[in-house]
Amino acid sequence: MQPDCLFCDISRGRSLADVVFQDRRFIAFADRAPIRPGHLQIVPRTHVACFDELAPPLAGGLIRLGQRLAKVLKAEYRVDRVGFVLTGNDVPHVHAHLIPMHESTDITSRRYIPLDEVPFHPPEPVPREALAETAERLRARLAACETAA
Ligand SMILES: [Zn+2]
């Protein structure tokens, strides 16, 4: 655990998060400013700054959990594809973004835009009640998906 780390605090239950899944190694919760509804973050409970520093079993577990939750997001949001990205831009604790892909540009780079003066801003935070409702629906869908499997 790292002091002053938001994701360590969430992992320890010291900061609120709308949790979809958790076990001894990972916690997955609704992103507070989602690119699309159902945008999740998966965080290893162990504080590791960068994904390339993850022990291979933990990295494998992160991918495997992303696969499980991607099935849930595909079923819930009726999308063919779910994006999985590890950027580490904001919080220096490994976290994967899992995003239902409604459009091919849902995860992209500003570098694809040839204009210099295109406004760019992060998505707006979503009210906590909406995130809690999303997390509840996805927990139920996860249970249903894994019971059926
Ligand atoms: Zn941390």
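The legends below describe close-up views of a predicted model. Residues are numbered from 1 along each chain as its sequence is written, and side-chain values use heavy atoms, with hydrogens and water left out. Local features need pLDDT of at least 70, side-chain atom pairs count only at pLDDT 80 or more, and totals for chains, interfaces and linings use all residues.

**View 1. The zinc site has four protein donors.** Cys 5 (SG), Cys 8 (SG), His 47 (ND1) and His 93 (ND1) coordinate the zinc ion at 2.0 to 2.3 Å. Donors are N, O and S atoms within 2.8 Å of the metal (3.2 Å for Na, K and Ca); water is not among the atoms, so sites may look incomplete. The angles among the 4 donor atoms run from 104 to 115 degrees, and the site is tetrahedral. Four donors count as tetrahedral if all angles lie between 85 and 135 degrees. Along the chain the donor spacing is C-x2-C-x38-H-x45-H. Cys 5 sits in the segment before helix 1 (6-11), and His 47, 42 residues apart from it, in the loop between strand 3 (40-44) and helix 2 (56-77). Helices (H or I, at least four residues) and strands (E, at least two) are DSSP runs, numbered from the N terminus. Cys 5 is buried at 4% relative accessibility; His 47 is partly exposed at 22%. Buried means under 20% relative accessible area, exposed over 50%, partly exposed in between (1.4 Å probe, protein chains only).

**View 2. Arg 36 and Asp 106 form a salt bridge.** Their N to O distance is 3.0 Å. Arg 36 lies in the loop between strand 2 (26-30) and strand 3, and Asp 106 in the loop between strand 5 and helix 3, so the pair ties together parts 70 residues apart in sequence. Asp 106 is buried, at 12% relative accessibility. A salt bridge is a side-chain nitrogen of Lys or Arg within 4 Å of a carboxyl oxygen of Asp or Glu. The structure holds 8 salt bridges.

**View 3. Arg 68 pairs with Glu 146 in a salt bridge.** The closest N and O atoms are 2.7 Å apart. Arg 68 is in helix 2 and Glu 146 in helix 3, so the pair ties together parts 78 residues apart in sequence. Both residues are partly exposed: Arg 68 at 24%, Glu 146 at 36%.

**View 4. A salt-bridge network links Glu 76, Glu 133, Arg 137 and Arg 141.** Within it, Arg 137 and Glu 133 have their closest N and O atoms 2.6 Å apart. These two are 4 residues apart in helix 3, about one helical turn.

How values were computed:
Tetrahedral: all angles 85-135°; square planar, octahedral: opposite > 155°, others 65-115°.
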